[in-house]
Amino acid sequence: MKNNNRARMPGYLAGLEPLSRRGFLRTSVLAGAALSSGCSSLFGRREAPETLQYHSLTPDEVEVITRLTEVMLPAESYGLPSSTTVVPTVENIDMMAQRLPKQTRDLMGLGIWVFNNRPMVSFKFSKFTSLSDEKALAYVDAMQEGTFFERGLMTTLKALVALNYWRDERTWPGLEYHGPVTEMWGVRRLGNAPLPRA
Amino acid sequence: MSEVKWQASGLKVHEASDVTESHLELQADVVVVGSGAGGAVAAYELARKGKKVIVLEAGPYVPSQDFTEKFTNSLETLYQDHGGQTNSSGDLLVLQGACVGGSTVVNGCVCFRTPDFILEDWQRDFGLDELTRDELAPYFDEVEKNLSVHDNGPHEIARHGWLIRAGANKLGWSVKPLKRNIRECGLTGHCLSGCKTERKQSMLVTYLPWAVAHGAKIYADTRVERILAEGGEATGVEAVITRHDGSQAATLRVTAPRVVLAAGAVQSPILLLKSGLANRSDMVGRNFACHPSLLVAARYPEPVHPWRGALLGVYVDEFEHPDKGGFVLEDGGFGLVEMSMLAEPGSGAPFMDYMANAKYLAGLVTLIHDHNVGRIEWDGEKKKIDYQLSDMDFPSMQRAIKAAARLHLASGATEVYVPASDKRVIRNEGDIDREVGGLENLPQHLRMVSYHPQGTCRMGADPEQSVVKANGETHDVRGLYVADASLLPTSIIVNPQITVYALATRIARHMA
């Protein structure tokens, strides 16, 4: 899918402002979509990442998102489950991508491609996936403080990664987050309210 | 009048899975479009007067016991567009319920009466002379009683609420317990995912079962595509019943001399636009306001656990009147998913540090009195929510953020996170003007959420400037009523559910 996007992408999109406003703005809707369909079915997913197949993300996209996850969520340093080898963050995003409408999925691919190929002069024209940890973080921060195109794209991608890590129940105990409690606490149901008195 | 058959739990709903024919023809005295705050109340009030009422809800029926208390799952199953409804520039998430019971199922239970100064604006600017405080008071009294609305007791104010209250007292700001429509709150903190034990007095467990007890029929999974009218009078609706896999189960036509449109301030104008009705004024879809809100989080030296206890406890009304700022602050709990997206603490170690210290965070929700500058449009294929925070409202937003920061600091916070797309952290009073004053009113700069869309079929006396009369009937089509937050001619600063309940009650009483 991403290769197709590349083929269709007009030449000017590879420049400093590679995303049209219209295209970018539609991409930014992914921040909302990240909260939506595909994600929700993944709460119970507990397979080890290496056992999973990618169904929607292309190998290039997996590489970009994996790298972003690594630099954005160094979880093990904080005593939390690894964001790449324990919690299947990237696989969760892959599952989400499978359920996105085609147009939105295409824009997601476009956003990932632009993000990876965006680093320009300050980063010696390297792709994001080629940057060192330090440079990769600097790039993310620069995008976050950049033009509204850049910060919108960065906010979207970071939301995708964060959401698909912290949705996993294994990340909760370390933060003392209780998750669902009604059944655990035995809170009884009250049923419907009685009819109002006339 | 037929026998009243109240059901102790659950709700009798016709779902797509019940449909066995490809087309259904139904007749009613009143067909109600939408089962949220306005639709449910109107359905009950009309059914108990002996009217044959049919309620059509586009969303699914999700029984309370099926609520998961997982926010991401809830967004998928209970919210409009699976939680992905945004404005056209993608920087405002517009969260609305899309299930039987509508937004009342997923709201935070907060209840306010319409402020007097708002009613005065409506009387002065829109000719709504009859909507006075005295006129509406009996309706407010009634719905508040029906829905167990009460001031939060001490046990319903969570740790974050107590902190905020102490800070407000220190600053000399007026702070009060919020009123909520809830019975014996279970203090789970999962209001936004629906109340699994039916303590929140949403329409799902109150007015809808009461309407059914009086004979109303509810159809879920049923999206109204067109309102029908002949000779300037409403005659019914056409709808499509859709299975949960997206396939069409049936078409439906309801013939009824009265139609109550209560699909919410985004969907209701779209339906009027699609139907080509009630738009002589060209006001349908215009005047969209939404209380764009921010969640201003702050870090405290002691654990707060913002997900524990009642979601919303107290509020600061010091600045409620437009002359004093035109905003309110509500202390608000949140879970990890919300927390991961509400601020920009940085990436890598700073972000992990922020998240790893989640239990030390507390939040303040800002609500501003925004102007009605937005518009809901329908291009023939899809809707468009055209809304950007106006330059008129941006100073109010900044004032609200500054006040939230001051309040957090007074409450003992050590770091306040400005909910912007770039990293802005306030550590003392001296930082406030720089960090908040430096914000710009640009797309993708603030992380805004709207829970209160309103204003898109506004009430007014002048048919050239408004869509609906004070009694809820459209100026242009006899028998076609609007009974949701679309009615509100201006934003009302505070959470609007009680206003909608009261107006819907009044409208239905006029209809009956």
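**A tour of chains A and B**

Start with chain B and select residues 71-78, helix 2. Seven of the eight residues in this helix are buried, leaving helix 2 mostly covered. Colour the buried ones: B:Phe71, B:Thr72, B:Ser74, B:Leu75, B:Glu76, B:Thr77 and B:Leu78. Bear in mind throughout that this is a predicted model.

**Chain B: the annotated positions**

Select B:Asn107, B:Gly108, B:Cys109, B:Val110, B:Val224, B:Pro496 and B:Gln497, which an unreviewed UniProt entry lists under "binding site". These positions span 391 residues of sequence, and they are spread in space too, with C-alpha atoms up to 29.4 Å apart.

Zoom in on B:Val110, in strand 5 (residues 110-111) of chain B. Is B:Val110 buried or exposed? B:Val110 has 25 other C-beta atoms within 10 Å, and the cut-off for buried is 20 or more, so B:Val110 counts as buried. Now show its contacts beyond four places in sequence: B:Leu178, B:Arg180, B:Leu312, B:Glu330 and B:Asn495.

Next, centre on B:Gln497, in helix 12 (residues 497-511) of chain B. B:Gln497 is also buried, because 29 other C-beta atoms lie within 10 Å. Which residues does B:Gln497 contact, leaving aside neighbours within four places in sequence? They are B:Ala37, B:Thr104, B:Asn107 and B:Cys111. One of these, B:Asn107, is itself on the UniProt "binding site" list.

**Chain A: helix 5 against helix 7**

Move to chain A. Select helix 5 (residues 59-72) and helix 7 (residues 102-117) of chain A. Their axes come within 10 Å and cross at roughly 60°. The crossing of helix 5 and helix 7 of chain A is left-handed. Show side chains where the two helices meet: A:Glu61, A:Val64 and A:Ile65 from helix 5, with A:Gly109, A:Ile112, A:Phe115 and A:Asn116 from helix 7. By class, this contact has four nonpolar residues, two polar and one charged.

**Chain A: helix 7 against helix 9**

The crossing of helix 7 and helix 9 of chain A is left-handed. Now pick out A:Gly111, A:Val114 and A:Phe115 in helix 7, which meet A:Leu153, A:Thr156 and A:Leu157 in helix 9. Four of the residues in this contact are nonpolar, two are polar and none is charged.

Finish on A:Phe115. In helix 7 of chain A, A:Phe115 takes part in the contact with helix 5 and in the contact with helix 9.

Key. Residues numbered from 1 in each chain as written. Chains lettered and ligands numbered in written order. Predicted model: local features only at pLDDT ≥ 70, side-chain atom pairs only at ≥ 80, totals over all residues. Buried ≥ 20, exposed ≤ 12 C-beta atoms within 10 Å, placed from the backbone. Helix = DSSP H or I, 4+ residues; strand = E, 2+ residues; numbered from the N terminus. Axes fitted to C-alpha atoms, helices over the stretch in contact; angles between N-to-C directions. Left-handed = near helix turned anticlockwise from the far one by under 90°. Contact = placed C-beta atoms within 7 Å. Nonpolar A, V, L, I, M, F, W, Y, C, P; charged D, E, K, R; others polar. UniProt positions renumbered as here; feature names shortened; annotations may be inferred.
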